[in-house]
Amino acid sequence: MVVRQEARPGTGAGAVPEGFRLAVESMAAARLRPEVFCESMPAPQRIAPHASALSADVTVDGEDVGTGRIILLHDPVGNDAWAGTFRFVLYARAEIDPELITDPLLGGVGWSWLTEALDAHGAGYAAPSGTVTSVSTENFGSMEDEPASAQIEIRASWTPVGPDDGDFDVSAHVEAWGELLCTTAGLEPVPEGVAVMPSRRGQRQ
């Protein structure tokens, strides 16, 4: 898969820093579960001078049960808010049991899914921030026969620890994002010792 590298208008393709190029290559090398169908997407161009983005759907038995995206931002001169020159921005959404909406611990649990995934993949990070939002939908009138539904959304950002020291392999962060998508969608963890095959990026049934 070719991961799109984008820079602000006027910077020119030759202006892409070598460190960012290597980081983008490592994003493409991430190993995701077969249920995660991942592909490149246009990255925002006004947040940072350089950006690369991936989007993904979690598909089980032909049905999409979760979706998300991850964006790698890079500003060679650094950003005080990031505490570094790189920053990941993440989004994940999935359907959940409507009864879970009233659980006051849901937000904290959702956030722990992210931090535990990063820790499990050895993805060092700093200055994390984000939100966990749960939304329920009830139907009325001509739609009252349709069941209620609920969703959880996780939005987060963090600074990967390592790139500023010359280690530009950020594949572990993408793999943690893939795990978060699967956890949010309710998939069981892959048993220890079972190999995870590379996902069919960009190939949809």
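The structure is a predicted model, in which local features need pLDDT of at least 70 and side-chain atom pairs count only at pLDDT 80 or more, while totals for chains, interfaces and linings use all residues. Residues are numbered from 1 along each chain as its sequence is written, and side-chain values use heavy atoms, with hydrogens and water left out. Helices (H or I, at least four residues) and strands (E, at least two) are DSSP runs, numbered from the N terminus.

Two strands are said to pair if DSSP finds at least two bridges between them. Strand β2 (residues 36-41) pairs with β3 in the antiparallel sense over 6 bridges, and here E39 stands opposite S55 of β3. Strand β4 (residues 63-79) also pairs with β3 in the antiparallel sense, over 11 bridges; H50, for example, has H74 in β4 as its bridge partner. The hairpin of β3 and β4 has 2 residues between the strands, and in it D61 takes a positive phi near 55°. Burial is judged by relative accessible area (buried under 20%, exposed over 50%, partly exposed in between; 1.4 Å probe, protein chains only).

Helix α3 covers residues 171-184. Its 14 residues reach 20 Å from the first C-alpha to the last, close to the 20 Å expected at 1.5 Å a residue, where the expected span is 1.5 Å times one less than the number of residues. Of these 14 residues, 12 are buried, so α3 too is largely enclosed by the rest of the structure. Just after the helix, G186 takes a positive phi of about 90°.

Within α3 sits H173, which counts as buried because its relative accessibility is 4%. Contact means heavy atoms within 4.5 Å. Beyond its neighbours within four places in sequence, H173 is in contact with I70, F88, L118, A123, G124, W158 and P160.

The last stop is Y91, in strand β5 (residues 84-96). Y91 counts as buried because its relative accessibility is 7%. Its contacts, leaving aside neighbours within four places in sequence, include T67, G68, R69, W177 and L181. Although Y91 and R155 are 64 residues apart in sequence, they are 4.6 Å apart in space, C-alpha to C-alpha. The side chain of Y91 also makes a polar contact with the side chain of E153 (3.3 Å); such a contact is a pair of N or O atoms within 3.5 Å, where within protein one must be able to donate a hydrogen and the other to accept it, and residues adjacent in sequence count only if both atoms are side-chain atoms.
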